[in-house]
Amino acid sequence: MSETKKFMYLNRRAPYGTIYALEGLEVVLIGAAFEQDVSMAFMDDGVFQLTKGQDTSDSDMKNFSPTYNALGDYEVNKIYVEQESMDDRGLTLDDLQHLVWEDEDEDYAKKPSIRVVSRQVMADLLEEQDVILNY
Amino acid sequence: MSLEVNGTVYETDEEGYLADLNQWSSEIAEKMAIDDGANLTQPHWEVINFLREYYEEYQIAPAVRVLTKAIGKRLGKDKGNSKYLYELFPYGPAKQACKYAGLPKPTGCV
């Protein structure tokens, strides 16, 4: 079997208005089948993708925010959110969906997937990756 | 393409997936199965109903790997394996069961 690589999907855009966020999420779900070491990072307006209570009824776009809750099923459970990007937009962890994954080895215990990290830590994480895909 | 059930015509895509999932009914699922030469039994419905609930919650049809794991958790390990699911849905559990459930083809399924 080939060596596992570290893949990071970097999300920097607001969820609606462009198709980037939805396309990026779909690529993550498809890519999850390849059993690589996958993580996602959210910074700049990308942090809005994870917010609770999204309502797209006045737009022509489907509200795909529930799909982020499926990431745990796809074993995507490292979701990094940049602290400074949240601060700049007046957001806190409480404004984001509570994303979890189930640990099969611990009787499906639900564990949080989101980790809020500083810009410096984010830079270090980016440095560690083999592949970065930017949406 | 289209599908006729009890005198009503429903629009489908070129692979027979229902265009509007809000139009779904169990009669539509049964008609699709008959057209494939299959007969839906209780074990089929367990999977179809699971898929509809999954879609309702997450707005996606799960990949087959995710489906298998989730069925195992929900319905027991003896059902959460690809042998069991392929026996029920020989054309591929995610693909075929999603079609009968009125869902779009699973993301990443080509």
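In chain A, β4(A) and β5(A) form a hairpin with 5 residues between them, and D107(A) in the turn has a positive phi of about 55 degrees. Helices (H or I, at least four residues) and strands (E, at least two) are DSSP runs, numbered from the N terminus, and two strands pair if DSSP finds at least two bridges between them. The model is predicted, so local features need pLDDT of at least 70 and side-chain atom pairs count only at pLDDT 80 or more, whereas totals for chains, interfaces and linings use all residues. Residues are numbered from 1 along each chain as its sequence is written, while chains are lettered from A and ligands numbered from 1 in the order in which they are written.

**Hairpin of chain A**

- The strands β4 (residues 100-103) and β5 (residues 109-112) of chain A run antiparallel and are joined by 4 bridges, with W101(A) standing opposite K111(A) in β5(A).

**Open sheet of chain A**

- An open sheet is formed by 5 strands of chain A in the order β6-β3-β2-β1-β7, and the pairing is parallel.
- Because β6 (114-117) and β7 (131-134) of chain A stand at the edges with a single partner strand each, one side of each is left without a neighbour in the sheet.
- On average, and with direction ignored, neighbouring strands of this sheet are turned by 25 degrees against each other; axes are lines fitted to C-alpha atoms, for helices over the stretch in contact, and angles run from 0 to 180 degrees between N-to-C directions.
- Within the sheet, β1 (residues 6-11) and β2 (residues 37-42) of chain A run parallel and are joined by 6 bridges, and Y9(A) stands opposite M40(A) in β2(A).

**Helices on the sheet**

- Helix α1 (residues 20-31) of chain A lies across β1, β2 and β7 of chain A and runs at about 165 degrees to β1(A).
- Helix α3 (residues 119-128) of chain A also packs on the sheet, touching β1, β2, β3 (79-82), β6 and β7 of chain A, and its direction makes about 140 degrees with that of β3(A).

**Helix pair of chain B**

- The axes of α2 (residues 42-58) and α5 (residues 93-100) of chain B come within 9 Å and cross at roughly 80 degrees, which means that α2(B) is roughly perpendicular to α5(B) (65 to 115 degrees).
- In contact (C-beta atoms, placed from the backbone, within 7 Å) are V47(B), I48(B) and L51(B) of α2(B) with P93(B), A97(B), C98(B) and Y100(B) of α5(B).

Terms used:
Two residues are in contact if their C-beta atoms, placed from the backbone, lie within 7 Å. Angles under 35 degrees count as roughly parallel, over 145 as roughly antiparallel, 65 to 115 as roughly perpendicular and the rest as oblique.
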